[in-house]
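Reader: I would like to go through this structure step by step. Could you show it to me first, please?

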Amino acid sequence: MSETPKFKVTVDNISIEVAPGTTILNAARMIGGEVAPPAMCYYSKLQDSGGKCRTCLVEVSKGSEKDPRPMPKLVASCRTTVMDGMEVKNITSDKVQDARKGVVEFLLLNHPLDCPVCDQAGECDLQNLSYNHGNEATRYEFDRRTFEKEDIGPYISLHMTRCIMCFRCVYAAGQLTDKREHGILERGDHAQISTMLNKALDHEFIGNVIDVCPVGALTDKTFRFKNRVWFTKPMDAHRDCPTCKGKVRLWMRGHEVFRVTARKDQWGEVEEWICNDCRFHKKETKDWVIEGPTKVARTSVISQGHYVGTRKTPILIDKVNGRQPKFLLDIHDISDVNRPEIHLSKIDGPAHSSDFKGKA
Amino acid sequence: MEKLTNRSVQVDRSPMTVSERMYLPGIIKGMGITIGHVFKKKATVSYPEEKRPFSPVFRGLHILNRDEQGRERCTACGLCALACPAEAITMEAAERKPGEENLYREEKYAAKYEINMLRCIFCGYCEEACPKDAVYLTETVMPANYNRKSFIYKKDDLLIPNPNKQG
């Protein structure tokens, strides 16, 4: 069989040849860098995802070599396939930037903006998107849509008010598990992710819905309120797991494993799915073989306070007077925070006032 | 060599004149300056009875604020600790239980909140970073003490008294 001819596509004046059937988004991601449009609902590892959030809108200034007319409207790049000779404008088009600003405003209409409380803050796609493209203030004057809080089991916490209806978790649950127990109920403005009849989600790969969620709607209950993302240090680690490949990212503080997630690539997508056992039950350093610290972009808040290449200053006073320096204050003598005998990471759910009683 | 300022004077090494050798005119001149200072306005104030006025941007001791209903505003988001260049602030968060709504404003609150005043440089970045209007720097000067342990300020030291519980 002869090789299929490749299509030449130009995104922001950078040309690349891609196979027919590739979407504009994937072609732009092959070029990489800033020309790749942001995506909130599209997930390359989930079939049929995309086309819902409209953040990846791009302008097609030339349809193809045979029909060079521009497309009349902005198109969703995750759903539009490339044509030969297509010219796409993303960051070079003011129309796209303006439209994206509008999309962000719409995504944030009903979003509670409770980032100080939310566990996703610091690694939230919506936070990054609105930081890069959004307005500073909202023009919305009405009450935001709220939902009754719902308990969907001991491991995953659902905050429906934060949801942006990207459907990623529905696809993830449908494609990773054989029996899907949650989905979209109701329609339109009332649509919500839910489990019918308060069923607890129970499947060995269901924890991945936490990782695919671009906002804080689905978060890890075992990590809930334990620490902020940027105060924990990401480490790549692996273990022999009978159900999954066991390649994970540990979020550590000292020797405590606070959270286990799958490893994410540069587009914020999970590289390999991990099982619930790895995610929720292996919170000990001895369970894992640690490969080393994850490389975090300098611009990310997660790299804050994580000093690399530090050198310890040599103690010289003993050479002068022959005595070791005296510790004047051991912080654990007086401080109640990070007490050596209390391990927050070992508590099942979020800490409560009763967990701290009698230990002050 | 070029002079740094135009105030420098070459030292006069010539032999002293008769009036200079008597020293008396020099002493009178010096005493004149000394006595003149007695009648000038004092540069000092008698602290602590008298206090200097503070600049309106003075940054002193921290407080943790409460809202109108006396609930703690702090939600342990960690932004003050993130902004702190001296890494003086530490905290541990907890989830609000049903029945504690009158104590804490949000579903998450700071179970432990500590500021190490030995580390604090009073830059006020924590106040700027706070999204919940919870931490403020007051006009109170940090009190001194003899031991180091009293400089770890905990929630009891920082929280303002509950306005609803008084009276």
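**A conversation about chains A and B**

Author: We may begin with one pair of residues: Asn116(B) has Ile152(B), in strand 5 of chain B, as its bridge partner. Please keep in mind that this is a predicted model.

Reader: How many bridges join strand 3 of chain B to strand 5 of chain B, and which way do they run?

Author: There are 2 bridges between strand 3 (residues 108–116) and strand 5 of chain B, and these strands run antiparallel.

Reader: Which strands form the open sheet in chain B, and in what order?

Author: The open sheet of chain B has 3 strands in the order 2-3-5, with antiparallel pairing. Strand 2 (89–95) and strand 5 (152–153) of chain B are at the edges; each has a single partner strand, so one side of each lacks a neighbour in the sheet.

Reader: What holds paired strands together in general?

Author: Strands of a sheet pair through backbone hydrogen bonds, in a parallel or an antiparallel way.

Reader: How many helices and strands are there in chain B?

Author: Chain B contains 5 helices and 5 strands. Read from the N terminus, its elements follow the order α-α-β-α-β-β-α-β-β-α.

Reader: Why is chain B said to be more spread out than a compact globule?

Author: The globule rule gives 15 Å for 167 residues, whereas the radius of gyration of chain B is 28 Å, well over that value, so chain B is more spread out than a compact globule. Its C-alpha trace spans about 95 × 50 × 30 Å along the principal axes. Of the 167 residues in chain B, 25% are buried.

Reader: What about helix 2 of chain B: how many of its residues are buried?

Author: The count is 0 among the 15 residues of helix 2 of chain B, so to speak of this helix as hardly covered follows from the burial cut-off of 20 or more other C-beta atoms within 10 Å. As for its length, helix 2 (residues 24–38) of chain B should span 21 Å at 1.5 Å a residue, and its end C-alpha atoms are 21 Å apart, which agrees.

Reader: What lies between strand 1 and strand 2 of chain A in the hairpin?

Author: The hairpin has 2 residues between these strands of chain A, and Asp12(A) takes a positive phi near 50°.

Reader: Which domains does chain A have?

Author: The domain assignment gives domain 1 (7–106), domain 2 (125–220) and domain 3 (227–338) of chain A. The contact between domain 2 and domain 3 of chain A takes 11 residues from domain 2 and 12 residues from domain 3.

Reader: Finally, how many residues does each chain give to the contact between chain A and chain B?

Author: Chain A gives 22 residues and chain B gives 24 residues. The side of chain A that touches chain B has 13 nonpolar, 5 polar and 4 charged residues.

Terms used
Residues are numbered from 1 along each chain as its sequence is written. Chains are lettered from A and ligands numbered from 1 in the order in which they are written. This is a predicted model: local features need pLDDT of at least 70, side-chain atom pairs count only at pLDDT 80 or more; totals for chains, interfaces and linings use all residues. Domain bounds come from an automatic or database domain assignment. Two residues are in contact if their C-beta atoms, placed from the backbone, lie within 7 Å. Ala, Val, Leu, Ile, Met, Phe, Trp, Tyr, Cys and Pro count as nonpolar, Asp, Glu, Lys and Arg as charged, and the others, Gly among them, as polar. Two strands pair if DSSP finds at least two bridges between them. Helices (H or I, at least four residues) and strands (E, at least two) are DSSP runs, numbered from the N terminus. The expected span of a helix is 1.5 Å times one less than its number of residues. A residue is buried if 20 or more other C-beta atoms lie within 10 Å of its own, exposed if 12 or fewer, and partly exposed in between; C-beta atoms are placed from the backbone. The radius of gyration is taken over C-alpha atoms; the globule rule is 2.2 Å times the number of residues to the power 0.38.
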